[in-house]
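Thanks for coming, everyone. Please take a look at the model on the screen, and I will walk you through it.

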Amino acid sequence: MGRTLYDKVWEAHEVRKLRNGQSQLFIDLHLLHEVTSPQAFGMLKDLGLKVRFPHRTFATVDHIVPTHDRTEPFQDPLAQAMLEALRENTREHGIPFFDLGSGDQGIVHVIGPQLGLTQPGMTIACGDSHTSTHGAFGAVAFGIGTSQVRDVLATQTLAAKKLKVRRINVEGRLGPGVYAKDVILHIIRHLGVKGGLGYAYEYGGSTVEAMDMESRMTLCNMSIEGGARIGYVNPDETTFAYLEGRPYSPKGPEWEEAKRRWLSFRSDPDAPYDDVVTFRAEGIAPTVTWGITPGQAIPIDGRIPLLEELPEEERAVAEEALAYMGFKPGQPIQGVTVQVAFIGSCTNARLSDLREVARHLKGHRVKKGVRALVVPGSEWVAMKAEEEGIAEVFREAGFEWRMPGCSMCLAMNPDRLEGDELCASSSNRNYKGRMGSPRGRTVLMSPLMVAAAAIAGEIADAREVFGIGR
Amino acid sequence: MLESFTVIRGRAVPLRGEDIDTDRILPARFMKRLTFEGLGQYLFYDERFDEGGNPKPHPLNDPKYQGATILLVEAGFGSGSSREHAPQAIKRAGFRAILGESFAEIFFGNATAIGLPCASLAPGDLAALFQAVEENPSLEVEIDLVNKEVRFGDRVAPLSIREEAREALTEGLWDPIGELLEAGELLDQFDQRLPHPRRAG
């Protein structure tokens with residue numbers, strides 16, 4: 001009987017069974033950031049413990065970083081204190097830290113792959129739910145809480161329980177102007193935000209196999225929004241091509257050996273799955289959310305559902321969403337006025353995202369009255385975008401070109417919505433108050449759709465705004 | 001020695017709504033801190049207080065539920081961010097357990113690891129409990145993790161909770177750090193066997 005990648009990685013990392021039946025799982029790579037680690041270091045200290053394997057631990061600063069002016073001390077003394085705590089903790093324990101201005105700083109899920117830290121067959125943990133991103137490489141990567149950050153610091157292991165595996169096939173060719181972001185919003189819309197509870201998602205099929213690595217990262221990134229703890233794609237030549245030559249990738253004779261090892265983790269053709277679901281790529285349109293969960297999504301040319309069209313168990317949240325967003329059932333989503341446009345976050349702030357938008361943006365202008373921001377995912381992305389002229393395209397179009405960080409995706413830095421502003425956003429969550437204003441409204445979409453909204457001043461079909469494929 | 005959770009008795013506060021995410025439980029701006037101290041006061045902050053800091057109608061502000069130690073929720077509770085700040089805020093606001101239909105994966109793990117049991121009831125039983133508590137806020141609810149049942153009024157409802165979590169809670173083994181450390185030299189063997197990232201040059 002075949003095994004899935006998930007089974008193989010799990011077995012290779014299971015240190016032993018714990019008394020309550022859970023497994024003690026060895027973590028190859030532990031990523032830290034400033035928000036969920038200081039308490040863990042505090043707990044470590046209280047217990048008189050040290051970081052067990054600092055060479056498997058890497059840190060950066062992303063959530064609280066200002067994107068406009070990073071001069072220290074920051075205006076927000078709490079943010080400054082969090083940065084300094086991480087500097088101090090990493091120095092004390094000998095952990096590599098990608099600090100501001102190092103050239104390697106950035107959103108933790110952007111820099112892991114970019115530096116080649118993220119590799120197939122690894123177990124990866126980080127105190128952030130979007131750790132699922134790293135699954136794009138065929139790693140088993142998941143978000144953990146602070147007590148577990150302490151566990152990994154102290155032992156490089158976690159107490160964990162195995163998940164079921166759902167294979168999600170996407171087959172066929174995506175239409176022009178349709179991206180991985182649309183695919184994952186479509187999947188979550190159909191399987192639901194609770195659909196993945198208890199599951200790992202394995203993505204495959206011809207559409208996923210044809211995706212570049214950064215698209216696969218977008219797909220895996222939002223597995224958590226579908227209720228799954230992890231998402232992954234089996235490693236292949238696309239994976240290897242992306243990793244080759246990266247700063248932390250294996251080199252020389254180790255490279256060939258690593259590739260052989262990585263391939264051995266691929267799910268076997270006869271691997272059994274607990275569930276299999278198949279989607280057709282041709283049926284996926286640019287997709288946008290209309291509500292307060294990522295599952296409340298519709299195609300751009302669709303209408304906000306009538307309550308009676310929804311399954312009974314979804315109606316209460318739909319009503320709450322309509323009231324919060326100020327939308328009417330049956331209303332088209334196109335044409336809704338936006339005040340803010342945000343391109344950024346660990347879902348969509350990679351170089352390929354910015355390249356794709358810039359390719360279409362040339363010659364267009366952001367509509368007067370729209371505040372439009374681009375926040376690159378890392379210092380490296382920002383640097384490349386400057387070199388390639390991408391940053392200039394954004395600036396000329398009227399976007400504010402910012403410095404890297406998580407920014408208004410969760411608004412722990414000064415970037416946030418005001419009042420009930422509506423934001424077209426390439427981020428991953430449209431929860432109530434997510435972008436910093438308790439009344440702020442988020443409509444999730446692909447980066448190109450955000451650019452289209454910024455230009456039109458309203459939610460619009462990027463294919464029409466930019467004349468794509470029609 | 002850690003506390004063991006066998007039977008938890010107390011009054012409950014009913015919090016309706018599905019898919020309540022951790023951003024609602026504890027808004028991100030309150031995570032700007034180096035410890036979990038004092039988080040209880042920010043629990044559901046944006047739903048309990050307006051922009052001027054004045055209380056809004058909310059079960060947690062309702063005098064009739066003051067002193068309740070069991071949080072009653074619906075399905076998909078705790079989705080979204082992995083922030084342990086969310087269950088920490090619930091625990092530090094004085095809650096000793098959460099009853100609901102289902103919980104997001106990371107939230108459930110975080111809550112269990114800090115000794116905050118999350119137990120599930122079948123939809124019908126949960127609806128009956130919501131109704132009973134809303135009709136009679138002084139109703140005593142008993143969560144029996146040993147016999148796997150919830151008792152209220154004259155009703156006994158079976159509860160479900162992942163078995164390893166239930167055992168960890170009832171046996172006072174919910175914080176795994178001690179047992180993880182016992183692996184000792186095994187950890188070094190794994191570290192030596194499994195590749196780790198190395199920067200070239």
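**A loop residue to begin with**

Let's start with Q156(A). Q156(A) sits in the loop between α5 (146–155) and β8 (157–160) of chain A. Helices here are DSSP runs of H or I with at least four residues, strands are runs of E with at least two, and both are numbered from the N terminus. The phi of Q156(A) is near 60°, a positive value in a residue other than glycine. Is Q156(A) buried or exposed? Q156(A) is buried, with a relative accessible area of 0%. Buried means under 20% relative accessible area, exposed over 50%, and partly exposed in between, with a 1.4 Å probe and protein chains only.

A word on the source. This is a predicted model, where local features need pLDDT of at least 70 and side-chain atom pairs count only at pLDDT 80 or more, while totals for chains, interfaces and linings use all residues. Residues are numbered from 1 along each chain as its sequence is written, chains are lettered from A and ligands numbered from 1 in the order in which they are written, and side-chain values use heavy atoms, leaving out hydrogens and water.

Next, S345(A). S345(A) is not a glycine, yet has a positive phi of about 85°. Its place is the loop between β15 (340–343) and α12 (351–361) of chain A. S345(A) counts as buried, at 1% relative accessibility.

Now P73(A). A cis peptide bond joins E72(A) to P73(A), with omega about -5°. P73(A) lies in the loop between β4 (57–60) and α3 (77–93) of chain A.

On to the cysteines. How many disulfides does the whole structure have? The search finds zero, over all chains. A disulfide here is a pair of cysteine sulfur atoms within 2.5 Å. Take C346(A). The closest cysteine sulfur, in C409(A), is 6.1 Å from its own sulfur, too far for a bond. C406(A) is in no disulfide either, and its nearest cysteine sulfur, that of C346(A), is 6.7 Å away. C346(A) counts as buried at 8% relative accessibility. C406(A) counts as buried, at 8%.

Finally, the whole chain. Chain A has 16 helices and 19 strands. Of its 470 residues, 68% count as buried. The C-alpha atoms fill a box of roughly 55 × 55 × 45 Å along the principal axes. Contacts mean heavy atoms within 4.5 Å. Among contacts with a separation of 6 or more, 75% come from residues 24 or more positions apart.
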